[in-house]
Amino acid sequence: MKILIITHEYPPIGGGGANACLNLSREYANMGHAVTIVTVWYEGLKEEETDQNIHIIRLKARRKYPEHCGFPEMLDFLWRAIIRADQRHRAEHFDICQVFFAIPSGPVGFYLKKRYKLPYIIRFGGGDIPGFQERFRFLYKLLGPFEKMIWKDADALVANSQGLKSLANRFYDKREIAIITNGVDENQFSAADSSQMGDRQQSDGEVRLLFVSRLIERKGLQFVIPMLSELNEKSGRRVSLLIVGDGPYRPHLEKITAEHKLEGLVSFVGQKDKKELPFYYRQADIFILPSRKEGMPNVVLEAMSSGLPIVMTACEGSKELIDGNGYAVPVGVFAEKLLRLCKDDALRRKMGERSVQIVRDSFRWEKIAAAYVELMERIIEKNHR
């Protein structure tokens, strides 16, 4: 197959959705498919390159920050992507288009299908579903009718968790929505040694909590940082928090840290390249994600593959990810669960081992990519009848 992928975020730009796009693309290429990606350019990146049989085209649309962008930046990418995708399809005659996500990339798939009858799949990310982000409430209302048209015309709609599918169905229930989860690269994210899983205590007995994600209000760190004083006092151990990531909410989180006099326990190290992340996972004891909404968080899968127990909210994706390897609870219960794990080395070990087993059973990228390829082949066959 010749697969065209449209995405406004692709590593090193973006977050979990960009990571999913990268890994799926690599697996498609490994399976012998030709992959072309139309994405956004950022300073220091090549405008066009071939990476492991993947042709990457980066458009010089407006993009101020690597980790996040606003709606005007998405619109700037959109019109440029339509023009370039049109040019590439006329030159290469793709078999199918995969869109990451309905907004802003959905209109590209819609346009190509109307003009060239090229089938397209929408892979939801979360923020492209009305109701996911409160700050986009007005835009959701404005774009809602057009977005429904894009969903209706798509050859397949795919959510990465049952929770995200339910959210999408509340907006539009006229189409079947498939579930194909995210995956994780076990070779990149793995426990340094099986004997360390769940029991990584240094000689000083410190327990290291880890958070990896964009620093935005929705991720919920503002509720967890103040808990550190209680955890240190009640556990009898030094409990620290390492925050990997960057974003517009960082100054506020730093202010909360200072107000609670926790500068010695909370460390902000900024955004890191994917190649750097395994080091941080392997140094941690417990992974936390107090997020209000997600699709299916890649960072949790990476932490699981690295042998960490998980404490997260019962957001989208938690039903698939938490099964004896941690807790999915309201933020208000985090302190209780974290305290239990901080005090119980054996429990951390057991949950860390369970995390690794869940990943091996269900979340390898090869398996996830194969599910997408099977879906694509069915669509292409149907369109050729």
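**Cores, sheet and loops**

Analyst: In this predicted model, Ile-288 is in contact with Leu-210, Phe-211, Leu-221, Val-224, Leu-241, Val-311, Phe-334 and Leu-338, leaving aside its neighbours within four places in sequence.

User: Which residues have the most contacts inside the largest nonpolar core?

Analyst: In soluble globular proteins, nonpolar side chains tend to be buried together. The largest nonpolar core here has 60 residues. Those with the most contacts inside it are Tyr-281, Phe-287 and Ile-288.

User: Which are the edge strands of the open sheet of six strands?

Analyst: The strands of this sheet have the order 11-10-9-12-13-14, with parallel pairing. An edge strand here pairs on one side only. The edge strands are therefore strand 11 (266-270) and strand 14 (326-328).

User: What is the bridge partner of Leu-241 in strand 11?

Analyst: Strand 10 (residues 239-244) and strand 11 run parallel and are joined by four bridges. In strand 11, the partner of Leu-241 is Val-266.

User: What angle does helix 7 make with strand 10?

Analyst: Helix 7 (residues 228-235) packs on the sheet, where it touches strand 9 (207-212), strand 10 and strand 11. The angle between the direction of helix 7 and that of strand 10 is about 145 degrees.

User: Is Pro-297 buried or exposed?

Analyst: Pro-297 lies in the loop between strand 12 (286-289) and helix 10 (298-305). Leaving aside its neighbours within four places in sequence, Pro-297 is in contact with Leu-289, Met-312, Glu-316 and Leu-321. Because its relative accessible area is 4%, and the cut-off is under 20%, Pro-297 is classed as buried.

User: How far from a polar atom of the side chain of His-33 does the backbone nitrogen of Met-1 lie?

Analyst: His-33 has its place in the loop between helix 1 (16-30) and strand 2 (34-40), and counts as buried at 12% relative accessibility. Not counting residues up to four places away in sequence, His-33 touches Met-1, Ile-3, Tyr-28, Val-373 and Glu-377. From the backbone nitrogen of Met-1 to a polar atom of the His-33 side chain, the distance is 3.2 Å.

How values were computed
Residues numbered from 1 in each chain as written. Predicted model: local features only at pLDDT ≥ 70, side-chain atom pairs only at ≥ 80, totals over all residues. Heavy atoms only, no water. Pairing = 2+ DSSP bridges. Helix = DSSP H or I, 4+ residues; strand = E, 2+ residues; numbered from the N terminus. Contact = heavy atoms within 4.5 Å. Axes fitted to C-alpha atoms, helices over the stretch in contact; angles between N-to-C directions. Core = buried A, V, L, I, M, F, W, Y, C linked by side-chain atoms within 4.5 Å. Buried < 20%, exposed > 50% of the residue type's maximum accessible area, 1.4 Å probe, protein only. Polar contact = N/O pair within 3.5 Å; in protein donor to acceptor, adjacent residues only side chain to side chain.
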